[in-house]
Amino acid sequence: MAILVTGGAGYIGSHTVAELLAHKEEVVVMDNLRTGHAEALQGVKFYEGDIRDRSVLDRIFGENEIEAVIHFAASSLVGESVSEPLAYYENNLLASHTLVSAMVAHDVKKIVFSSTAATYGEPKSIPILETDPTEPTSPYGETKLAMEKMFRWCDGAYGLKSISLRYFNAAGAHMDGHIGEDHTPESHLIPIILQVALGQREHIGIFGDDYATADGTCIRDYIHVMDLANAHWRALEYLRKENASNVFNLGNGTGFSVNEVIETARKVTNHPIPAKVSPRRAGDPAVLIASSEKAQTVLGWKPQWGDLETIIESAWKWHQSHPNGFAAK
Ligand SMILES: NC(=O)c1ccc[n+]([C@@H]2O[C@H](COP(=O)([O-])OP(=O)(O)OC[C@H]3O[C@@H](n4cnc5c(N)ncnc54)[C@H](O)[C@@H]3O)[C@@H](O)[C@H]2O)c1
Ligand SMILES: O=c1ccn([C@@H]2O[C@H](COP(=O)(O)OP(=O)(O)O[C@H]3O[C@H](CO)[C@H](O)[C@H](O)[C@H]3O)[C@@H](O)[C@H]2O)c(=O)[nH]1
């Protein structure tokens, strides 16, 4: 039986596909290539299509024996979600409703889902536990939380078992350098810093240096994309063994400020990486750090590439060999 990966041509999706293949899983990918890249996929059956299109979903579930779905397909920019909330309710909540309806109709009862630290909003305490209050401060976080809740109700009604994985900040690239992050336009901190080191940008803008942190810049928990990928495979194994729904944070449990990330990137790239302070970005909490103890205890997951220098080195290797992303090949 195969695993259907929605959004499998995207950044975290393609790395997870590689991890699933390494564990000898059979993989089918569905992606509309809005932000993903067909070039990021090797050795899988690929359907170019949209999860909002029920007819394509029926075709995929009809043509393949799907055991479980790993669901990455979504819109995921916090700022954009504030200016275009309806687009986020459509591509995240309504699209997932269509996907889950098709799953129920085709008797597929397992889903691993990309949730986010953005479900917590401004954290009440650090590190953040799964049991902490969820009060999203953006339509992005709100739609992801609504999806988590929809899955939970579907467990009671249809026996759909879901694992919601609340990722903190995904970063880095596959250790063999064949895939990595390629978003246009890029909004994430580490790839933008590395574009400065490549000479593609003049400087990195630091979004605010007046936060209540040691150096005034925001603190985030950066987690290697291959560690995230491994957690998806473990979540799948958990569903197979326990047949129970659950929710897990995925982070390293260590926070780095924007200044510390830039400083580490200077060391890795040997480039001065000029930085300029610019105004705060709306909706950015000062500090987000995960407690991933639950994932470690219950899933047996342990980050292998948690060190920030290692994360940035792997990203640097990818960006140097693919300065224009997949298009350059
Ligand atoms: N990058 C992060 O740090 C981060 C953190 C927390 C959660 N997430 C979540 O992880 C998931 C993957 O994030 P990413 O950074 O890899 O994003 P991405 O944009 O690289 O990947 C998303 C993929 O889904 C596809 N897609 C989007 N809407 C679709 C639709 N309606 N039908 C079919 N395909 C569709 C896109 O083409 C893309 O390939 C998202 O759900 C995101 O919300 C990401
Ligand atoms: O040019 C930049 C880009 C980012 N930042 C800062 O760097 C930190 C990290 O920003 P990213 O945009 O890389 O990541 P986010 O923390 O905003 O978002 C990530 O984590 C969120 C959860 O909080 C969501 O899940 C989202 O999808 C995911 O990309 C933030 O403090 C941001 O203000 C800058 O200073 N300059």
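1. His71 has Phe113 of S5 as its bridge partner. The contact belongs to the pairing of strand S4, residues 66–71, with S5: the two run parallel and are joined by 3 bridges. As a general point, strands of a sheet pair through backbone hydrogen bonds, either parallel or antiparallel. The model is a predicted one.

2. S4 and S5 sit within an open sheet of 7 strands, ordered S3-S2-S1-S4-S5-S6-S11, with parallel pairing. At the edges are strand S3 (45–48) and strand S11 (246–250), each of which pairs on one side only. On average, neighbouring strands of this sheet are turned by 20° against each other, with direction ignored.

3. The UniProt record, an unreviewed entry, assigns residues 3–251 the feature "domain: NAD-dependent epimerase/dehydratase". In the model this span is 39% helix and 20% strand, and its end C-alpha atoms lie 24 Å apart.

4. Ligand 1 is surrounded by 27 residues, of which Gly7, Gly10, Gly36, Ala74 and Ser76 are the closest. By class, the shell around ligand 1 splits into 11 nonpolar, 12 polar and 4 charged residues. Helix H1 (11–22), helix H4 (85–105), strand S5 (110–116) and strand S7 (169–171) each contribute at least two residues to that shell. H1 gives the most, with 3 residues.

5. Which residues come nearest to ligand 2? They are Thr116, His188, Leu189, Phe207 and Cys218, out of 20 residues around this ligand. Two elements give two or more residues to the shell around ligand 2, namely helix H6 (189–197) and strand S8 (204–207). S8 has the largest share, with 4 residues. The shell around ligand 2 holds 11 nonpolar, 6 polar and 3 charged residues.

6. Helix H7 covers residues 225–242, 18 residues in total. From first C-alpha to last, H7 reaches 25 Å, close to the 26 Å expected at 1.5 Å a residue. Is H7 largely enclosed or open? Of its 18 residues, 14 are buried, so H7 is largely enclosed by the rest of the structure. After H7 comes Asn243, with a positive phi near 45°.

Key
Residues numbered from 1 in each chain as written. Chains lettered and ligands numbered in written order. Predicted model: local features only at pLDDT ≥ 70, side-chain atom pairs only at ≥ 80, totals over all residues. UniProt positions renumbered as here; feature names shortened; annotations may be inferred. Near = placed C-beta within 6 Å. Nonpolar A, V, L, I, M, F, W, Y, C, P; charged D, E, K, R; others polar. Expected span 1.5 Å × (residues − 1). Buried ≥ 20, exposed ≤ 12 C-beta atoms within 10 Å, placed from the backbone. Pairing = 2+ DSSP bridges. Axes fitted to C-alpha atoms, helices over the stretch in contact; angles between N-to-C directions.
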